[in-house]
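Please look through the following structure with its charged side chains in mind. The paragraphs after it go through some of the pairs in turn.

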Amino acid sequence: MAVVTNPQVDKGSIEKGVNYSTRVDKVGGRVQTVRTIRITAAVMLAFLLLIPVFWMGATAFKVRADAIATPPKIVFKPTLEGLIFLFTDRSVLNQARSKRLKARINELNWYERIALEGGQQITGPSEYVTRLRNSVIIAGSSTILAVALGLLAAYAFSRFKVKGESDLLFFILSTRMLPPVVVTIPIFIMYTKFGLHDTHIGLILLYTVFNLSLTVWLLKGFMDEIPREYEDAAMVDGYTRMQAFRKVVLPQAITGIAATTVFSLIFAWNEYAFALMLTSEKARTAPPTIPTIMGRGGMEWGTIAAGSLGFLIPVVIVTFALRQYLLRGVTFGAIRQ
Amino acid sequence: MFPDNQTSQRTGYQQRQLSDRSIQWLFITPTLILLALFNIFPLFYSLYLSFTDFSAIGTAAPVWVGFKNFSTLLNDPQIWKYFATTGRFAFLSVGLQTVLGFALAMLLREKFRGSGLITTLILIPMMLSPVVVGFFWKSIFNPSSGIFNYALGYFHPASAPGPSWLDSSSRALWAVVIVDVWMWTPFVMLLCLSGLNAIPDYLYEAAAIDRASAWFQFWRITLPQVLPLLMIAVLFRTIEAFKSFDLVMGMTGGGPGDSTELVAVNLFRIAFEGQWRTSYASALAYIVLVIIMAISNVYIRNLNKVRGEG
């Protein structure tokens, strides 16, 4: 715009200058073409990047033969076999038993019929059901704890002059910087000693501590953005500090708290290393379980894909809900848009 | 009456100061206790263990052996090999992520209809669970039924098979790098985008007045302005690459042979799976810890610089 009003520059060179810059004028023909190419490339790349996710979605609805077909089958008949196999334990039927079962097909319900088409009989729910429940319990409880404790600590760091604040904050963050195995060795010994190995509470505590680094940093960022004057005004009006925190700061920070909660949930939901090393049966979560899903006689990629897809869908939904906070979340609130 | 009023005011003020202080401690202490229990104590404990001979599943108490674990480790050519593999993995994946992430950010820099949606779609991989994703990529890399080779143009795997990936000791690391790049390029892109959006328009306007070429604008305005954030992305990814565990465990478990055996994976093997050499693993853990602390220190310092500017 500054260029256009400059009388020293003749018309021809304005256009020349305009073509070089993408910022000064956006109506030139060449600029338009470049823009179209740019947009097309971006859209195509986005779809290219998502092919593995689409493929997972497709495989989840394939029967076993289709899932391992050579060459890969792009068009196929969808089935719920994978999903049903994921949640059930089954026995493989020989021909005679399969025939006998087929004779009384009317007594079977829909998922038993689908299993029968794959030549298997359902014997009960699979351990994946328990594992998924463990995931929900552990991720949920640790998130609630981490956000609650994080809120308090973040408020203190944001509003008061804490001695050695930056050291403490760095220290809190440093938990995130270490490889999980480094942390796990001593904790494993500690847990076996106190009977916390393979318990829900053990994993919940560890996830809480790990998520605290995220929640403290993120929430401190959100609280720094709430003007102190709000609380000061409330306290002049007779609120105590606690009341001001509860009735002024918390409602103001609610979007930040929501975003933090979800980030914390995603971490606990996706976590693999601690769960692998500190649980074995009772408290094991879904991520270490999915790679151990083995079919009866060969990899059941349909089942694995169904498990993976079910596990990832919540995260995808949440990614969309969180999109304006993603940058903050992945940099621990250090960088804001 | 007048002095009385003043004292009551002062005590009121002091009371609030005092309660602020107690609130401060009340609020921070739980976090600090948890951190002390789950961080300080374990760190010192494993430092102690690294100077002993001890196995977590044995019954014998730790026996002090001095620097023996460290000297054994540093003289073990296998360990050096795993460090080299980790370094190569970090270099390749972070390098590719930086270039591709920056390029993607340049593409998406100008808003268009639906650019928000496209950006979010691109960001999906980085939010997913690495172990689950890595495990599913195994089926994608399968030479006969996977779509990776199919997408490369090997349409008839039965008659004309494409390259094998996860079974080949020379290509397995590349396969892991490809998936890591797929997952984390969006992260670099996200940081670059925020850097690009923060560049003030007047810089480009001034350059246009001076009839600076697009090339010149890129090298003298765009790149230097994005550089701090790009540096942060690179440091962050480097730290993460040194920690890499989930993805490799899901995809290869360190194999074939030890071609994708990263330090973190090997550490897990020494400390847990079958070997249970707890004190030896603690020593290795401390070496990794020192390396990562060094990198994170640079990271934090850079972060403070960027925050100071912003």
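With which residue does A:Arg131 form a salt bridge? The partner is A:Glu281, and the closest N and O atoms are 3.3 Å apart. A salt bridge here is a side-chain nitrogen of Lys or Arg within 4 Å of a carboxyl oxygen of Asp or Glu. This is a predicted model, in which local features need pLDDT of at least 70 and side-chain atom pairs count only at pLDDT 80 or more, while totals for chains, interfaces and linings use all residues. Residues are numbered from 1 along each chain as its sequence is written, chains are lettered from A and ligands numbered from 1 in the order in which they are written, and side-chain values use heavy atoms, leaving out hydrogens and water.

A:Arg131 sits in helix H7 (residues 127-159) of chain A and A:Glu281 in the loop between helix H14 (273-278) and helix H15 (286-289) of chain A, so the pair ties together parts 150 residues apart in sequence. Helices are DSSP runs (H or I, at least four residues), numbered from the N terminus. A:Arg131 counts as buried, at 5% relative accessibility; buried means under 20% relative accessible area, exposed over 50%, and partly exposed in between (1.4 Å probe, protein chains only). A:Glu127 joins A:Arg131 and A:Glu281 in a network of salt bridges.

In chain B, B:Lys81 pairs with B:Asp258 in a salt bridge, with 2.8 Å between the closest N and O atoms. B:Lys81 is partly exposed, its relative accessible area being 38%. Over all chains, the structure holds twelve salt bridges.

Key: Helices (H or I, at least four residues) and strands (E, at least two) are DSSP runs, numbered from the N terminus.
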